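Please look over the chain shown here.

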Amino acid sequence: MKYNWFECPGCRCQVAVNYSESAQGISGSLRRWAPERGINDGRALSVPRAELAAGGGFMTACVCGQSLSVPGKADAVSADREGDLRVTLGE
Ligand SMILES: [Zn+2]
């Protein structure tokens, strides 16, 4: 699972995108929140492989409709669901 965080320029919410990559492309979810305005919602995220940029980045849209550019490099990666990416511990 990969994670990226943004501040949406459209609705000024904090936005978190989490996704995993498969042969079909990107699938995951987008969540936005602004506690002071009572906003806490999200949407499913699905990007076909053909729409991924060369570096693995992709475009998606916030719940408010604002386009967000997700870079190929994740802000954080969780190995929980990526069994191929084993961490090798030193001896
Ligand atoms: Zn937004």
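Ser78 lies in the segment after strand 7; strands here are DSSP runs of E with at least two residues, numbered from the N terminus. This is a predicted model, in which local features need pLDDT of at least 70, side-chain atom pairs count only at pLDDT 80 or more, and totals for chains, interfaces and linings use all residues. Residues are numbered from 1 along each chain as its sequence is written.

Ser78 counts as partly exposed, because it has 13 C-beta neighbours inside 10 Å. The scale is simple: a residue is buried with 20 or more other C-beta atoms within 10 Å of its own, exposed with 12 or fewer, and partly exposed in between, with C-beta atoms placed from the backbone.

Two strands pair if DSSP finds at least two bridges between them. Strand 3 (residues 25–34) and strand 4 run antiparallel and are joined by 10 bridges. One of the bridge pairs links Arg31 to Gly42 in strand 4.

Another pair is strand 5 (residues 58–61) and strand 6 (residues 67–70), antiparallel and joined by 4 bridges. Phe58 stands opposite Val70 in strand 6. Their hairpin has 5 residues between the strands, and Gly65 there takes a positive phi near 100°.

Which loop holds Gly57? Gly57 lies in the loop between strand 4 and strand 5. Gly57 touches Ser69, Val70, Pro71 and Gly72, leaving out residues up to four places away in sequence. Contact means C-beta atoms, placed from the backbone, within 7 Å. Gly57 and Gly72 are 15 residues apart in sequence, with 3.8 Å between their C-alpha atoms.

Arg12 sits in the loop between strand 1 (2–7) and strand 2 (14–22). Its phi is positive, near 60°, and Arg12 is not a glycine.

| Residue | Other C-beta atoms within 10 Å | Class |
|---|---|---|
| Arg12 | 13 atoms within 10 Å | partly exposed |
| Gly57 | 15 atoms within 10 Å | partly exposed |

Methods: Contact = placed C-beta atoms within 7 Å.
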